[in-house]
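Please read these comments alongside the sequence and the coordinates.

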Amino acid sequence: MSRRSAPFVAPSYIDDPISKDGKKHAKVLLSTLQEDIARFRDAQFPPDILRQIRDMPIYEGNLAEVQAYQQRWHNLLERAMSFYPAANLPPDYLPLPASLEIPQFIYHVQRLHLTKTHAKESKSFGSVGALTDKCGDYSADDMARMTAAFDNDEDARLVAHREFIDLRAYIFCRDNKGEMLEPERVRFYRTGLIVHALPDFKIVDSRQTPRKRRNDAYSNPLADNGVWKIYRKK
């Protein structure tokens with residue numbers, strides 16, 4: 001139900017794509033693509049031919065409208081696919097990375113369920129310096145406890161957790177036979193979501209009641225700066 005993103009692959013048209021220089025060239029081309037997407041998005045998003053759902057970056061239309069809007073993105077989508085060739089293909093149907101900020105297009109949608117849930121971002125570190133670079137400052141006592149964790153075990157790792165409320169959509173689609181498929185869970189706030197709405201399309205909005213937080217395997221943090229809690233990795 002949950003979807004990761006497709007892996008990056010240096011395009012085959014780059015000279016020696018697996019070499020260090022080839023990979024560097026690929027990264028430069030990817031950066032250029034991201035700049036082109038940002039400019040296009042400024043001009044074309046939100047879509048002018050689709051209807052917004054609630055106060056969300058979600059837009060719905062009939063088949064012709066959604067196909068027409070997706071066609072505007074065609075060249076950028078093709079360029080993105082050269083870097084992420086597994087995107088939206090079987091067996092995993094992984095999406096393009098959200099960092100590209102290309103809208104997600106989903107067809108034959110019967111029902112859309114909007115939810116909020118307690119979530120947790122996690123990062124792992126092998127040194128106190130790397131941790132504070134990413135997570136910010138800590139008190140002297142916190143620093144001492146984190147430093148001691150490494151001093152006492154050269155193989156130690158620290159894990160940082162940041163809690164936040166995650167916004168998701170559960171999307172219920174029908175197949176070519178009209179059968180309802182298992183729902184897809186999609187994060188859409190960064191990219192935007194474009195749905196082809198079937199007749200009798202329904203929206204269920206459960207954002208006022210966030211889903212319960214799952215039990216956390218970690219407790220008693222070594223350090224806490226109000227944003228990131230730090231634990232010794234199990």
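This is a predicted model: local features need pLDDT of at least 70, side-chain atom pairs count only at pLDDT 80 or more; totals for chains, interfaces and linings use all residues.

1. A search of the whole structure finds 15 salt bridges; some of them are taken up here.

2. One of the salt bridges joins arginine 72 to aspartate 48, with 3.0 Å between the closest N and O atoms. Arginine 72 belongs to helix α2 (residues 63–72), while aspartate 48 sits in the loop between α1 (20–44) and β1 (51–52), so the pair ties together parts that are 24 residues apart in sequence. Arginine 72 is partly exposed because its relative accessible area is 29%, a value that lies between the limits of 20% and 50%. Aspartate 48, at 60%, counts as exposed.

3. Arginine 207 and aspartate 55 also meet through their side chains in a salt bridge, at 2.9 Å from N to O. Here the partners lie in strand β6 (residues 193–211) for arginine 207 and in the loop between β1 and β2 (58–61) for aspartate 55, so the bridge ties together parts that are 152 residues apart in sequence. Arginine 207 is buried, with a relative accessible area of 12%, whereas aspartate 55 is exposed at 53%.

4. Arg54, Asp55, Asp205 and Arg207 are linked in a network of salt bridges.

5. Glutamate 121 and lysine 123 form another salt bridge, whose closest N and O atoms are 3.4 Å apart. Glutamate 121 is partly exposed, at 25% relative accessibility. Lysine 123 is likewise partly exposed, with a relative accessible area of 29%.

6. How many disulfides does the structure hold? The count is zero. As for individual cysteines, cysteine 135 is buried at 6% relative accessibility, and cysteine 173 is buried at 7%. Both values fall under the 20% limit, which is why the two residues are classed as buried.

7. Alanine 98 is located in the loop between α3 (74–83) and β3 (104–125). Its relative accessibility of 36% makes alanine 98 partly exposed. Which residues does alanine 98 touch, not counting those up to four places away in sequence? The contacts are Arg190 and Thr191. For arginine 190, the C-alpha atom is separated from that of alanine 98 by 6.5 Å, although the two residues are 92 residues apart along the chain.

Note on methods:
Residues are numbered from 1 along each chain as its sequence is written. Side-chain values use heavy atoms; hydrogens and water are left out. A disulfide is a pair of cysteine sulfur atoms within 2.5 Å. Buried means under 20% relative accessible area, exposed over 50%, partly exposed in between (1.4 Å probe, protein chains only). Helices (H or I, at least four residues) and strands (E, at least two) are DSSP runs, numbered from the N terminus. Contact means heavy atoms within 4.5 Å. A salt bridge is a side-chain nitrogen of Lys or Arg within 4 Å of a carboxyl oxygen of Asp or Glu.
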